[in-house]
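Let's take a walk through this assembly together, chain by chain and contact by contact. Keep the structure open beside you as you read.

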Amino acid sequence: MTPLLEVKGLKAFYGTTQSLYDVNFEIPSGGITTLLGANGAGKTTTLRAICNMVRTEGMIRFDGQEIGRMATEEIVRRRIAHVPEGRGTFTSLTVDENLRIAAYTRRDKAAVKEELARVFDYFPRLKERIQQQAGTLSGGEQQMLAIARALMLKPRLMLLDEPSFGLAPLIVLEIFRILRRINEEEKVSILLVEQNAALALDLASHAYVLETGKVVMSGPSSVVKNDENIRKSYLGY
Amino acid sequence: MQQLLEQLASGLANGAIYACVALALVMIYVSTDHLNFAQGEMAMFSTYISWQLMNWGLNFWVAFVGAILISFVMGVLIERVILRPLHNAPVLSIVVVFIGLLAICNSMAGAIWSYLIKEYPSPFPKSSFGIAGVIGPHQLGVVLVTLVVLTLLFVFFRFTPLGLAMRAAAQNPQMARLVGVRVDWMLALGWGLAAAVGAVAGMMVAHIVYLDPNMMGGILLYAFASALIGGIGNPGGAVVGGFIVGVLENMVAYAGNMIEKTTGVYIIGNGEKLTVALIIVIFVLTLKPAGLFGRVVVKRV
Amino acid sequence: MPAFSRKWVMALVVLAIVVPLLQPLFPDLVSDYRLFLVSTMIIAAIAVLGLNLLTGFNGQISLGHSAFYAVGAYTAAILMDRLDCPYWLTLPAAAILSFIVGYLFGLPALRLEGHYLALATFALALSVPQILKYKWLEDLTGGVQGIVLSKPEPPFGLPLSEDQWLFYYCLIVMLILYWAAANLLNSRSGRAMMAIRDYHIAADTMGIDTSLYKTVTFGISAAYTGIAGALSASAVAFVAPDSFSFFLSIKFLIGLVVGGVGSLAGSVVGGIFYVLVDNSAQALSTYIKSDLGLQFDLSAYTVFGILLIVLMYLMPTGIVGGVYGMMRRLRRSS
């Protein structure tokens, strides 16, 4: 079976500085994969590279189609949803507008309505705050809103950048529970970038470890988790 | 007393025009951080186009809509062709390009239609419009047309998906791309809309100030003052600012007139309009850069 | 600037001094009108030089230099008209007054950057003609009518025509001002000016008094342009409010951009350039209307506008910078 996302020989540049050297990985359809590594290893850059938000070289193939040269918005329209680092919301728009903007590309109003209902089923808290400005939400709520908005794109692949960043442990657990549900119920494949490796390895079935812009190892989560060498040298716990 | 009412009404009519141009300026500012110094001349050019259409025998309102559509297309083209490649250029380059645009619009209008001042018709019936002694037919018409345009724009931005996408693109282009919004086109669309709103202002004011290539210079300055008072970057504020500035301008002239009448000393009158605008601009820019209603977006960290 | 350019400058200066004297030999080639035209070019060069000091070397955008030009011109005109002041004495007066006005305008400008400074100066330029027509100033400024003056007479009974003398007069003033500007830029203060342009925050932390430098630069720049204004009052022998509209600022801007932002020699080229285009466009327009019978007013501003935009794409360093760049490339390849 062809993988959903296939990345080969990926290089990425910020201006003239190269920050990814030779990144290769695959994401199977339907699974959860995680990218681990220390600060500055290139995790965020990899996600940004997939959406063509940095200058890249190499091959990125989504569902058998080369997307490396496409504009970000065209990639997104092929149903790759990217939840960026930090609070990825439009702070001056309301919760409702934040969700609707994601459905802007779609014509089937009835389906959008249904989806909105389903999103609120995952995140009942957002429903209570539907007319509130996104900027006034708490950190956890903003992260939920960002994920909810990604869901509104009806994605086949969701790229999540540090969803636990700066949040209280209880909220992080709640969010990760919801992510698992989303993966199972919506058949959304997930590529998760996390600082918190233990948490990510619990959720993901497969892990890649990045170091200074290269994939240095990969394997099933259970193997990575139990390999003390990897844990000590790359994951720091 | 009646004179005061008349002044107030004409202030509102002028204010409506400033509001339109100010809104056009804000629309471009929020999405690109640029101040469009050519906005006034673009509006003037649009007004000439409508005049030309009428000259070819079209009815006022047909010419009105025609000119708006043409202006919209021109605005989109200007953004796509001229400004797009300069997206990351230094401020000076962008200012220079705007001034270039201003010079081209102004001189081309003069070249094509000559610098002779032309009369421009008012579409509003004299008999059934206006309230005698308070507001003239054209003034009332201007206020109404402006309110219709502003309402349409409000509805568009507030309630349509495209309007929402444009707001999202203006607020955070990167993120807007991540939800599939074609940000580049949104900017061009914003330019088109700004040009169209400016065209409305030009076609409404031309009956009052007469049609000539330099008719918008002062109005643009007032529009900048309005936008600044409302807090540049705040569309609602720009509209309110427009009306405030319009009324203020007439009140200042009225007060100056009264002082001259009672004391015989001339202090200020219609001749100092632009100086008043200059003072407002510098005062707001240096002392109250966020404007009267400028507010920081609420943010919880 | 490369070393060879010093020789070129000297040659040009010598040429400039000699050419007017050849008038008796080639009366058609070196006509009074042509000399007058060159004088206006020199004046334009000084005005652009002033703008360049501020925008090019200190990084503060100004669309309002027509205002300082007006201050200079009116100072000169009023002094000559009211006080019978000799024309050469109007220059220091114009310089001082323009400096003060520029310095004062530089104070609020301290709080403005980029687009906003452009806006404030744009507003200034737009309101200048109205301010000049202000009723209380009418006694001094002559209101809409302006002030009619007489051209400067050659001093010491020199056997020169008015236009010949005007040419030398402008040339001397420009050489002095150019020399002063070059020295200023080579000094500690000049380096501070440019440091503020390039690394504003760093300059601040390095202990450069950025506020002082910026306001004084504003003043000096205004003084240069004011002197140009005063010279123009003498040259044209007439001032009126509407000759100081925003379009004058556009001319300075085209001079700046064509010559090159941040290039002294370029300022001279830029000044010459805009006078040349302005004149040929007028001639061409008259030709189109009277000889071809077309109702089409070709304006120099169409050319200026297109050039402003095109240059921003093709030669952001201006024509002088562009030519230098090309010469360097040619030399390297040969």
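The radius of gyration used here is taken over C-alpha atoms, and the globule rule sets it against 2.2 Å times the number of residues to the power 0.38. Please keep in mind throughout that this is a predicted model.

**Chain A**

A compact globule of 237 residues would have a radius of gyration near 18 Å, and chain A, with 17 Å, agrees with that. The secondary structure of chain A comprises 10 helices and 10 strands. Of the 237 residues in chain A, 43% are buried. Looking at contacts in chain A with a separation of 6 or more, 67% of them are between residues 24 or more positions apart.

**Chain B**

Buried residues account for 54% of the 301 residues of chain B. If you take the contacts in chain B between residues at least 6 apart in sequence, 74% of them join residues at least 24 apart.

| Chain | Box filled by the C-alpha atoms, along the principal axes |
|---|---|
| Chain A | roughly 45 × 40 × 35 Å |
| Chain B | roughly 65 × 55 × 35 Å |

One residue of chain B deserves a visit: Gly192(B), which sits in helix H8 (residues 183–209) of chain B. Is Gly192(B) buried or exposed? A residue counts as buried if 20 or more other C-beta atoms lie within 10 Å of its own. Gly192(B) has 22 other C-beta atoms within 10 Å, so Gly192(B) is buried. Setting aside neighbours within four places in sequence, the residues in contact with Gly192(B) are Phe72(B), Val73(B), Gly75(B) and Val76(B). With Gly75(B), the C-alpha atoms are separated by 4.1 Å, although Gly192(B) and Gly75(B) are 117 residues apart along the chain.

**Inside chain C**

Chain C is divided into two parts: domain 1 covers 1–30 and domain 2 covers 32–333. Taken over C-alpha atoms, the centres of domain 1 of chain C and domain 2 of chain C are separated by 23 Å. Their contact draws six residues from domain 1 of chain C and seven residues from domain 2 of chain C. On the domain 1 side of that contact in chain C, five residues are nonpolar, one is polar and none is charged.

A pair of helices in chain C is also worth a look. The axes of helix H3 (residues 65–83) of chain C and helix H5 (residues 114–132) of chain C come within 8 Å and cross at roughly 30 degrees. Angles under 35 degrees count as roughly parallel, and H3(C) and H5(C) are therefore roughly parallel to each other. From H3(C), the contact is made by Ser66(C), Ala67(C), Ala70(C) and Tyr74(C), while H5(C) brings Leu124(C), Ala125(C), Val128(C) and Leu132(C). By class, this contact of H3(C) with H5(C) has seven nonpolar residues, one polar residue and no charged ones.

**Where the chains meet**

Two pairs of chains touch, and the pair with the most contacts is chains B and C. Chain B gives 38 residues to the contact and chain C gives 42 residues. On the chain B side, helix H4 (91–113), helix H9 (217–229) and helix H11 (273–287) of chain B each supply at least two residues. H4(B) provides the largest share of that side, 16 residues. The side of chain B that touches chain C divides into 26 nonpolar, 11 polar and one charged.

Between chains A and B, the contact takes 24 residues from chain A and 19 residues from chain B. Helix H2 (72–77) and helix H3 (95–102) of chain A are the elements giving two or more residues to the chain A side. By class, the side of chain A that touches chain B has nine nonpolar, 10 polar and five charged residues.

What of chains A and C? No contact joins chain A and chain C, and their closest C-alpha atoms lie 20 Å apart.

Definitions and conventions
Residues numbered from 1 in each chain as written. Chains lettered and ligands numbered in written order. Predicted model: local features only at pLDDT ≥ 70, side-chain atom pairs only at ≥ 80, totals over all residues. Domains from an automatic or database assignment. Nonpolar A, V, L, I, M, F, W, Y, C, P; charged D, E, K, R; others polar. Axes fitted to C-alpha atoms, helices over the stretch in contact; angles between N-to-C directions. Helix = DSSP H or I, 4+ residues; strand = E, 2+ residues; numbered from the N terminus. Parallel < 35°, antiparallel > 145°, perpendicular 65-115°, else oblique. Buried ≥ 20, exposed ≤ 12 C-beta atoms within 10 Å, placed from the backbone.
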